[in-house]
Amino acid sequence: KTFDVVVVVLYVLTTLYIVYRASRHQKNTDDFFLGNRRMPWLAVGLSIMATLLSSLTYLGLTGEVVKNGIAAYMMQAAIIPAAFIVVFAFIPFFMRLRFTSAYEYLEHRFDYRTRLLGGGLFLLLRLGWVSLVMYSGSLALATMGGWNFYVTIAVLGIAATLYTYFGGLEGVIWTDVLQALMLFGGALAIVVYVWFDTGAGPLAWWQAAGEHSAAHAQ
């Protein structure tokens, strides 16, 4: 538990430092909402990947695969062809328009009511998603650390709100970069540890997963 507390404290301190640095660059709406259009492409890419691979992915998808097999990965595989459409069609189109968001384009193309409808539906979708992410992440953290669940989810929610408010998009992107390093680094560390601890490689894991799925299906 001491190690868990140390890791959480170091992570929070690093996040506060990132937000402090980002907050010094917030001078207008372009800085806050767009990072003044100066964010490095690699940081933006890692931020998107960290957002797509939230705690729901790590906690839910792995259990789904163990229970029902690798069919759940088809959803992740669909990201690859979708990414080509987004990169080569949508991003160049919106970059030429220099809008702050896609919802601003809805108003430009249709009217203000369409913009409100699109923005409202997106907010409802994100509220549901964020609620699940906060719930699952807080539940896992509280269980591992032996902390009160409600205090944990309140602290995480307040912290995320504050660093978004003060850091703007720049603060969010750089904290996402930190999260991406932790997510991918943690996944790699787990794979390496299990590999060396069990002496069995990916082929044995695949066979064991197939046997488990077959037994569960019966």
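**Legends to the close-up views of a predicted helical chain**

Of the 218 residues of the protein chain, 21% count as buried, where buried means under 20% relative accessible area, exposed over 50% and partly exposed in between (1.4 Å probe, protein chains only). The model is predicted, so local features need a pLDDT of at least 70 and side-chain atom pairs count only at pLDDT 80 or more, while totals for chains, interfaces and linings use all residues. Residues are numbered from 1 along each chain as its sequence is written, and side-chain values use heavy atoms, with hydrogens and water left out.

**View 1. The helices of the protein chain.** The protein chain contains ten helices and zero strands; helices (H or I, at least four residues) and strands (E, at least two) are DSSP runs, numbered from the N terminus. Along its principal axes, the C-alpha trace spans about 55 × 40 × 30 Å. The average pLDDT, the predictor's confidence in each residue from 0 to 100, is 82 for the protein chain, and 95% of the residues score at least 70. Confidence is highest in helix H7, at a mean of 88, and lowest in helix H10 (residues 202-217), at 71.

View 2. The structure holds ten aromatic pairs. Rings of Phe, Tyr and Trp (its six-membered ring) pair if their centres lie within 6.5 Å; planes under 30 degrees apart count as stacked, over 60 as edge-to-face and the rest as tilted. Phe84 and Phe88 form a stacked pair, with 6.2 Å centre to centre and 15° between the planes. Both residues lie in helix H6, four residues apart, which is about one turn of the helix. Phe84 and Phe88 are both exposed.

View 3. Phe93 and Phe94 form an edge-to-face pair, at 5.3 Å centre to centre and with 75° between the planes. Phe93 is partly exposed, with a relative accessible area of 29%, and Phe94 also counts as partly exposed, at 27% relative accessibility. Ring pairs join Phe93 and Phe94 with Phe99 and Tyr105 in a cluster.

**View 4. Arg98 in a loop.** Arg98 is found in the loop between helix H6 (79-97) and helix H7 (102-109). Most residues other than glycine have a negative phi. The phi of Arg98, in contrast, is near 60°, a positive value in a residue other than glycine.
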